[in-house]
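Welcome, and thanks for taking a look at this protein with us.

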Amino acid sequence: MSKTYYLTTPIYYVNDVPHIGNAYTTIIADITARYHRLKGDKVHFLTGTDENATKVAAAAAEKGMDPQDFVDKLAAAFQDVWASLDITNDDFIRTTQPRHKDVVTAIFKRLMDQGDIYKGSYTGHYCVPCETFYADSELADGKCPECGREVTEVEEENYYFKLSAYGDRLLKYIEDNPEFLQPEAKKNEVVSFIKQGLRDVSITRANNGWGIEVPGDSSKVIYVWFDALINYISAIGYLSDEKRFNEIWPADLQLMGKDIFVRFHSTFWPAMLMALDLPLPKTLFSHGFWTINGEKISKSKGNAISPAKLAEDLAAESGASREVCLDAVRYFLAREMTLGMDGDFSIKIFRNRFNSDLANDLGNLLNRTLSMLGKYFEGVMPDYETFGGGLADKIAETKDLAEKYCDSYEFTKALEAVWNMIGAANKYVNDMQPWVLAKEGKNAELGGVLESALEVARAAAIMIKPFMPATAKEIAAQLAITDFDNLLWSNITDADPFAKGTKLNEPAPIFPRLPKQKKEEAEPKPKKEKKAKVPEKKPLIPYDVFAQLELRIAEVKQAEKVEGADKLLRLIISLGDEERQIVAGIAKYYEPEALVGKKIVLLANLEPAVIRGVESNGMLLAADGVNGAVVLTPADPDTPAGAYIK
Ligand code: ME8
């Protein structure tokens, strides 16, 4: 049996409930864990809480609570939040647990005995919020170089860890193991930090009644970072269950934010492991920070979004299930910010992605193919060969590409590859015009086209399972895939996955489109005046009147009949960076499916109007055809959506 894939998140301080920043690390770790399980790997996924910190005791005091009661309450809150986000961690370590404290004490003793810890006196500065010691030379204008807050002068006798002895070994290890520190830019930062020369680290503080006592010296407690880092090995049986420990250690991935990467995880932690003669983790990965609408996430600004609340609000608004909305949050976090880079969270962009990537691209592929299967074959998989359109190759190619990207933690690119495949299937359906094949009675081709597109929907469901587990399950249910829970990544390319004669289920929209944001909706719409009769010949107009018209190319993304109005179609159109809904009176001349993917000419700055209860934001331009039939004004299909006509 291959070694267990072991991955960890930081253990979070329990001075407050988790926000979208902590949730990001945990969700990315969860995606990684689920991906490895899907590949058939044995996985151990650890997260937990850091409870012995000075700032935790201070937060308890502020609330007038006993520190143990306080950490019990908040650790439970963290566990509840992770459960509500369906995080699949295999263990949850708390640093106040005896299984952890005992190992910390034993390690302290061992390193003291072997001379890696020694007693000395210390004068320096301590930043309580960052739980970090700084020398004079490290301060920025006398303040903490990390957070800019006031530091406290400390002058005490302390125990030191001989970090200075490990600089050269660390540099050599980093050079010999290119996968160890990622991404590359951060690795370079670590190398420069070590090359500046490492100082020994004070690893104890005066005992104020909270923390793990130094063995044999009750006047001191162990420094919280020395204590906390050990969680990664205490949780998996170090010094208590060697067999289990050897099956799991070393970690394959230790994921954390950039704030705690250089000094603690890439320098102090590997040096501690070297002192203990333990192998180092395969990869330490530093991810970027989220800001909210360009601002740092902060409690005082009150902008710390809770992902669960975001999903609940979205569910209430859209009518989609809470689980699916949570998936939308997970999708957004993984898709929008390249792992390693910083990113900004904005509700507007989140909603745009929900509508374009989820409701339109993914939702549409499933919906239209299943509805056509219902319409033309009563929902039963026909007994025809797939005709392909290269889609079988596209599935195989995307499987390899997405796997390569997931293995290298490039989740944004993996999702891009999957969406590229979904786009290819949607385009294939447009190009093949199944509704024309149906009219012409070409059932073999028609069945083949639908089957090919449904195979892509199935492949997509497996590929997105780590990212959007509830959505994947819902797609599988609509596709009547009964053994979905047991499918592995390798099943993506199963030949002929749908048994002929299988009845698939009725399509039900998984992601109902979100309306434009409330603020914009709330803006009063100017009253529409009754249209004057169009004169036969229009008078000449000056150029500046023409210049007021915003004529643009748009691409039709979705089309459907407006209920109770036989002339009207409701279209979702894309202008490149923006999507809109319009209503067009062309239902008599076009099947809705035939319009998807078509480029049209749009009068984009026509004032909005509500037609038969449906809001229309612009007007499609069409020309009268023979016998009164409307023809769409032709737009070259290569003209990009959004292009201006001047
Ligand atoms: O540092 N964007 O805990 P902590 C992205 N207890 N990630 C963010 C973020 C943001 N805006 N804000 C926080 C500690 N994070 C120690 C760790 S480990 C042995 C001890 C995430 O509660 C990110 O993972 O301050 C960051 O590294 C972590 O929360 C800091 O959590």
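## A first look

Tyr5 stands opposite Val43 in strand β2. This is a predicted model, in which local features need pLDDT of at least 70 and side-chain atom pairs count only at pLDDT 80 or more, while totals for chains, interfaces and linings use all residues. Residues are numbered from 1 along each chain as its sequence is written, and side-chain values use heavy atoms, with hydrogens and water left out. Helices (H or I, at least four residues) and strands (E, at least two) are DSSP runs, numbered from the N terminus.

**Strands β1 and β2**

- Strand β1 (residues 5-13) runs parallel to β2, and the two pair over seven bridges; strands count as paired if DSSP finds at least two bridges between them.
- Strand β2 covers residues 43-50 and is mostly covered, as eight of its eight residues are buried.
- Here, buried means under 20% relative accessible area, exposed means over 50%, and partly exposed lies in between (1.4 Å probe, protein chains only).

**Asp91 in strand β3**

- Asp91 belongs to strand β3 (residues 91-94).
- Asp91 counts as buried because its relative accessibility is 14%.
- Leaving aside residues up to four places away in sequence, Asp91 touches His44, Phe45, Leu46, Thr47, Arg99 and Ala235, where contact means heavy atoms within 4.5 Å.

**The sheet around β15**

- Three strands form an open sheet in the order β15-β14-β16, with mixed pairing.
- Its edge strands are β15 and β16 (343-345), each of which pairs on one side only.
- Strand β14 (residues 290-292) pairs with β15 in the antiparallel sense over two bridges, and Thr291 stands opposite Lys296 in β15.
- Glu295 lies in strand β15 (residues 295-296) and is partly exposed, with a relative accessible area of 39%.
- Glu295 touches Lys301, Asn303 and Asp344, not counting residues up to four places away in sequence.
- Glu295 and Ala271 are 24 residues apart in sequence, and their C-alpha atoms are 35 Å apart in space.

**Two helix pairs**

- Helix α5 (residues 167-176) packs with helix α6 (residues 184-195) at an angle of about 155 degrees, their axes 10 Å apart; axes are lines fitted to C-alpha atoms, for helices over the stretch in contact, and angles run from 0 to 180 degrees between N-to-C directions.
- Helices α5 and α6 are therefore roughly antiparallel to each other; angles over 145 degrees count as roughly antiparallel, under 35 as roughly parallel, 65 to 115 as roughly perpendicular and the rest as oblique.
- The contact is made by Gly167, Leu170, Leu171 and Ile174 of α5 together with Lys187, Val190, Val191, Ile194 and Lys195 of α6.
- These contact residues of α5 and α6 divide into six nonpolar, one polar and two charged; Ala, Val, Leu, Ile, Met, Phe, Trp, Tyr, Cys and Pro count as nonpolar, Asp, Glu, Lys and Arg as charged, and the others, Gly among them, as polar.
- Helix α13 (residues 347-377) and helix α18 (residues 469-478) pack at about 10 degrees, with axes 11 Å apart, and are therefore roughly parallel to each other.
- Leu362, Leu366 and Leu370 in α13 meet Thr471, Ile475 and Gln478 in α18, a contact with four nonpolar, two polar and no charged residues.

**Asn617 in a loop**

- Asn617 sits in the loop between β22 (614-616) and β23 (619-620), and counts as buried at 11% relative accessibility.
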